[in-house]
Amino acid sequence: MLLCNGFEKDCPASFSCGYLGNISFPFTTTQRQDCGLLPIHNCDDAPRKPKMIQFQNKGKWFEVGIVNPLEFHAGNATCTCVFRDMNLYKLLQDKSCEAFRYRYILPPTSHFVSLHIDSHATLFMCNRSLHVNPPTYMHNYTNCPLYDFYYQPFKITDNASLSAFTACTKAQLPAKDFADADDPFTFVTADITTQVNIKEECASCHYNQRGRCQLDSNGRFYCANGKKGLRWNVKMGIAIMVTFGVTVKEDSTHHIIEEYMKEHGPLPAAARYSYSDIKKITNSFKNKLGQGGYGSVYKGKLHDERTVAVKILSELKGEGEDFINEVASISRTSHVNVVRLLGFCLDGSKKALIYEFMPNGSLEKFIYEEKNPLQDDRQLDCKTLFHIAVGVARGLEYLHRGCNTRILHFDIKPHNILLDEDFCPRISDFGLAKICPRKESIVSIFGARGTPGYIAPELFSRHFGSVSHKSDVYSYGMMVLEMVGRRKCE
């Protein structure tokens with residue numbers, strides 16, 4: 001194994017890895033396993049970009065879908081990624097009941113790094129010969145031979161009620177938000193959102209001393225080839241300049257990035273594209289989806305055939321703050337009710353953002369009767385509207401409490417709620433967002449943020465109280481009123 005003698009020279013700040021863009025510590029490539037803790041395979045599937053990048057854990061292979069860089073909070077180093085269990089994925093695609101008996105595992109990977117599943121579903125598999133008397137709130141799936149499956153869409157806290165299942169087999173599987181409580185195939189998922197935790201001493205060794213995490217013969221930690229006196233934010237400052245392709249000059253965008261890093265640390269990475277790449281993805285901007293004050297949105301297709309929406313930013317307020325906010329905030333998220341940022345372009349004055357494509361567009365075109373009074377096929381029923389409202393609430397709860405940092409959106413409205421093919425909502429447009437530590441409940445901002453009609457009173461005047469995550473809750477409430485009344489609240 002190679003040694004990183006001099007981190008800056010031998011181990012780059014990040015590695016290019018196919019459709020993942022740039023990956024950084026604790027991830028690395030198989031060619032440079034010495035530069036990280038978690039080697040990812042197939043990054044260099046030359047001459048073509050790889051269709052499947054994989055990660056091996058305890059002899060089992062996972063497809064890698066998302067890798068976010070480390071975040072540092074109160075001495076802790078964590079990041080999130082998405083691993084697809086290919087065996088479980090096939091079982092779910094085939095709607096095989098064996099999926100509910102499947103044993104998945106992402107155990108601790110090494111002494112320095114561990115993996116933690118963000119959310120899972122608990123199911124009880126009961127032989128039909130048993131006479132189970134489950135609590136009334138439990139759901140029952142009976143379409144599997146020999147066995148019935150019982151589960152609850154929300155976390156079970158009543159341990160006494162679980163005594164009905166003592167003779168049943170308990171199974172835990174990765175879960176996403178419940179799309180249909182009557183069909184477990186809709187919420188059990190093979191795309192496992194995983195939190196990666198790095199021991200503080202190891203992260204400090206890597207970033208502060210440019211060394212490698214090692215154990216001596218007695219099992220005690222030491223930092224091999226470390227160089228003291230170097231601070232991780234300096235290294236990450238170099239990395240972010242490389243990532244964004246900027247030179248050390250006093251232009252306004254570079255200043256914005258520097259100010260952001262001083263306050264929050266390094267910007268999360270996402271796949272970076274040149275402007276010529278953007279032209280190819282959008283087929284020279286042939287399919288326009290919409291336009292707003294920020295610019296235009298076009299339909300496109302990535303090299304792996306994924307359909308995407310490409311936002312071309314033509315009007316940047318504050319010399320680039322909206323762009324930085326959007327990339328920084330969305331790149332930190334991984335939730336079924338928050339739109340995924342797949343890449344960005346910062347090529348001179350050309351700026352673009354690449355998102356997953358939402359076939360049903362924004363919520364606003366489905367809820368205002370005065371806009372489409374005769375188009376009954378565009379009116380959503382009460383059940384669908386309820387699921388959308390719940391999904392947006394879950395997305396907001398995740399932004400406010402589920403991330404390592406608290407993200408305040410400041411522009412919740414129907415136009416910024418996108419709907420996928422199943423009308424599952426995604427919160428989008430983070431241009432006005434503010435990132436703050438999780439424990440902070442009060443934030444300081446200058447001027448009102450948001451859209452008239454949805455802005456909380458405290459954003460206009462501090463006489464109404466302090467600005468906090470509750471400002472998003474106010475906007476959410478105004479949006480729900482519009483969904484119920486099917487007209488704008490003016």
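# Close-up views of a predicted model

**View 1. The lining of the largest cavity.** The largest cavity is lined by 20 residues. Nearest its centre lie Ile66, Asn68, Arg340, Leu341 and Leu342. Two elements each give two or more residues to this lining: strand E6 (60–67) and strand E21 (341–347). The largest share, three residues, comes from E6. By type, the lining divides into 12 nonpolar, six polar and two charged residues. The model shown here, and in every view below, is predicted.

**View 2. Cavities in the whole structure.** How many cavities of 30 Å³ or more does a search of the whole structure find? It finds four. The largest cavity has a volume of about 290 Å³.

**View 3. The whole protein, for orientation.** The protein has 11 helices and 26 strands. Of its 490 residues, 50% are buried. Its accessible surface comes to about 24100 Å². Carbon and sulfur atoms account for 50% of that surface. Now take the contacts with a separation of 6 or more: 61% of them join residues 24 or more positions apart.

**View 4. The largest nonpolar core, around isoleucine 40.** In soluble globular proteins, nonpolar side chains tend to be buried together. Here the largest nonpolar core holds 55 residues. Which residues touch the most other members? They are Phe27 and Ile40. Leaving aside neighbours within four places in sequence, isoleucine 40 is in contact with Cys17, Leu20, Ile23, Phe27, Thr28, Thr29, Thr30, Ile53, Gln54, Val64 and Val67.

**View 5. Cysteine 79 in strand E8.** Cysteine 79 has its place in strand E8 (residues 76–85). Is cysteine 79 buried or exposed? Its relative accessibility is 3%, so cysteine 79 counts as buried. Not counting residues up to four places away in sequence, cysteine 79 touches Pro26, Phe27, Asn68, Pro69, Leu70, Thr194, Gln195 and Val196. Look also for isoleucine 198, which is 119 residues from cysteine 79 along the chain. The C-alpha atoms of these two residues are separated by 8.7 Å.

**View 6. Glycine 21 in a loop.** Where does glycine 21 lie? It sits in the loop between strand E1 (15–16) and strand E2 (22–23). Glycine 21 is buried because its relative accessible area, 11%, is under the 20% cut-off. Beyond the residues up to four places away in sequence, glycine 21 touches Phe15, Ser16 and Ala271. Glycine 343 is 322 residues from glycine 21 along the chain. Their C-alpha atoms are separated by 8.2 Å.

**View 7. Serine 296 in strand E19.** Serine 296 has its place in strand E19 (residues 295–301). Its relative accessible area is 10%, so serine 296 is buried. Which residues is serine 296 in contact with, leaving aside its neighbours within four places in sequence? They are Lys288, Gly290, Gln291, Val310, Lys311 and Ile312.

View 8. Helix H3 covers residues 200–209. Its buried residues are Cys202, Ala203, Cys205, His206 and Tyr207.

Key. Residues are numbered from 1 along each chain as its sequence is written. This is a predicted model: local features need pLDDT of at least 70, side-chain atom pairs count only at pLDDT 80 or more; totals for chains, interfaces and linings use all residues. Side-chain values use heavy atoms; hydrogens and water are left out. On a 1 Å grid over the protein atoms alone, a cavity is a set of points where a 1.4 Å probe fits but cannot get out, and a pocket is an open set with protein on both sides within 12 Å along at least five of seven lines; lining residues have an atom within 4 Å of a point. Grid points are joined across faces, edges and corners, and a volume is the space filled by probe spheres set on the points. Helices (H or I, at least four residues) and strands (E, at least two) are DSSP runs, numbered from the N terminus. Ala, Val, Leu, Ile, Met, Phe, Trp, Tyr, Cys and Pro count as nonpolar, Asp, Glu, Lys and Arg as charged, and the others, Gly among them, as polar. A nonpolar core is a set of buried Ala, Val, Leu, Ile, Met, Phe, Trp, Tyr and Cys residues joined through side-chain atoms within 4.5 Å. Buried means under 20% relative accessible area, exposed over 50%, partly exposed in between (1.4 Å probe, protein chains only). Contact means heavy atoms within 4.5 Å. Accessible areas come from the Shrake-Rupley method with a 1.4 Å probe; for residues, only the protein chains shown count as cover.
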